[in-house]
Amino acid sequence: MARLSQVHATAFVTGASTGLGRAFARMLLSEGVRVWGTSRDPARLAGLCAGPPGAFTPLALDLADGRGAVSAFAAASAAAGGAFDLVVNNAGYGLYGDFGEVEASAWRAQIEGMLGSVLEISHAAYRSMRGRGRGCLVHISSIAAEFPIPYMSGYNVAKAGLSALSESLAFESRGSAITVIDFRPGDYRTDFNRTIRMGPQNDTTRRVWARLDAMFSSSPPPERAAADLRRALLRNRSGIVRSGSFFQARVAPVLGRLVPSSLKRRGTAAYFGV
Ligand SMILES: NC(=O)c1ccc[n+]([C@@H]2O[C@H](COP(=O)([O-])OP(=O)(O)OC[C@H]3O[C@@H](n4cnc5c(N)ncnc54)[C@H](OP(=O)(O)O)[C@@H]3O)[C@@H](O)[C@H]2O)c1
């Protein structure tokens with residue numbers, strides 16, 4: 001069976017300290033890919049540094065500082081030989097609360113970090129891949145791009161925007177050796193819900209959160225997403241990859257396309273208990 005390092009020798013993975021990003025980094029390292037991984041606190045990446053020298057390089061990167069994030073990417077890219085073969089824009093966080101109750105500045109900061117800063121990293125990555133004539137860009141979007149999660153409006157906007165960016169670049173890179181993967185996980189058991197930022201709560205948001213958290217606790221482990229990403233990378237072509245439970249990754253997207261939007265909204269509300 002092919003090894004990923006035959007397709008991609010170097011990779012840049014944001015948010016590699018926990019959850020999906022760590023599982024992606026581990027999977028890539030086990031495939032012989034040299035990985036540059038980020039955290040806001042690189043000490044949290046120690047567990048990935050155990051391999052052979054030069055296999056994993058820890059980096060500091062905070063999406064809240066867009067300029068700093070792009071500089072960190074550019075420096076790593078230069079160290080990797082001018083361009084990464086693979087860039088996985090994975091880092092992100094949740095912000096939960098009623099749209100009107102949470103300050104607009106908090107929603108805005110989330111969209112600026114998870115969409116604005118990511119767009120800038122993708123822009124730098126795409127340019128360097130174009131210079132070299134090949135590469136793969138992965139955006140870790142979410143099922144939220146298709147089914148907005150209640151009381152996570154900033155997150156839904158950021159992920160829908162990111163998926164639109166993937167689609168735009170997949171279109172523009174047709175016919176070249178650059179591929180763009182929009183990876184849309186359903187629920188995965190990571191640190192996401194533990195580190196989510198909570199706005200002011202009321203009875204409704206608390207009830208919906210209990211439901212979201214219960215679904216999250218019984219969701220698959222991140223290694224399953226890493227296996228799905230590995231398969232997608234070996235296919236080496238642009239597209240949308242849905243990953244997660246059978247219902248979230250297979251059934252819901254088909255239903256979402258077939259039913260009218262009013263019915264889709266009712267079904268989503270029932271699913272989340274809104
Ligand atoms: N888990 C799910 O069910 C699920 C579903 C769909 C999509 N996703 C997406 O998958 C990605 C990874 O999430 P996860 O579930 O693995 O959550 P996680 O375990 O909380 O991991 C989030 C990662 O992002 C980093 N991060 C958070 N805020 C950051 C910031 N402002 N700047 C830079 N890095 C930041 C964290 O690193 P440090 O804290 O060390 O800086 C951490 O490595 C996210 O984009 C998330 O939206 C997750």
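This is a predicted model: local features need pLDDT of at least 70, side-chain atom pairs count only at pLDDT 80 or more; totals for chains, interfaces and linings use all residues.
Is Arg40 buried or exposed? Its relative accessibility is 58%, so Arg40 counts as exposed. The cut-off for exposed is over 50%.

Arg40 also belongs to a group on the surface. Arg22, Arg26, Arg44 and Arg197 gather with Arg40 there. Together they form a patch of positive charge.

## Salt bridges

Side chains of opposite charge can pair when their charged atoms come close. How many salt bridges does the structure hold? The structure holds 10.

One of them joins the side chains of Asp85 and Arg132. The N to O distance is 2.9 Å. This pair links distant parts of the chain, 47 residues apart. Asp85 lies in the loop between helix H2 (66-79) and strand E4 (86-89). Arg132 belongs to helix H3 (residues 104-132). Asp85 has a relative accessible area of 7%, so Asp85 is buried. Arg132 is partly exposed because its relative accessibility is 32%.

## A buried pair and its network

Asp182 and Arg184 also meet through their side chains in a salt bridge. Here the N to O distance is 2.7 Å. Are these two residues buried or exposed? Asp182 counts as buried, at 2% relative accessibility. Arg184 is buried too, with a relative accessible area of 10%. Both values fall in the buried class because that class means under 20%.

## A pair with an exposed partner

Arg194 and Asp191 form another salt bridge between side chains. Its N to O distance is 3.0 Å. Arg194 is exposed, with a relative accessible area of 60%. Asp191 has 24% relative accessibility, so Asp191 counts as partly exposed.

## Cysteines

How many disulfides does the structure have? A search of the whole structure finds zero. A disulfide needs a pair of cysteine sulfur atoms within 2.5 Å.

Consider Cys49 and Cys136. Cys49 is partly exposed because its relative accessibility is 36%. Cys136 has a relative accessible area of 1%, so Cys136 is buried.

Note on methods:
Residues are numbered from 1 along each chain as its sequence is written. Side-chain values use heavy atoms; hydrogens and water are left out. Patches are made of residues with over 30% relative accessible area and no salt bridge: like charges are joined within 9 Å, nonpolar side chains (Val, Leu, Ile, Met, Phe, Trp, Tyr) within 5 Å. Accessible areas come from the Shrake-Rupley method with a 1.4 Å probe; for residues, only the protein chains shown count as cover. A salt bridge is a side-chain nitrogen of Lys or Arg within 4 Å of a carboxyl oxygen of Asp or Glu. Lys and Arg count as positive and Asp and Glu as negative; His and the chain ends are not counted. The place of a charge is taken as NZ of Lys, CZ of Arg, CG of Asp or CD of Glu. Buried means under 20% relative accessible area, exposed over 50%, partly exposed in between (1.4 Å probe, protein chains only). Helices (H or I, at least four residues) and strands (E, at least two) are DSSP runs, numbered from the N terminus.
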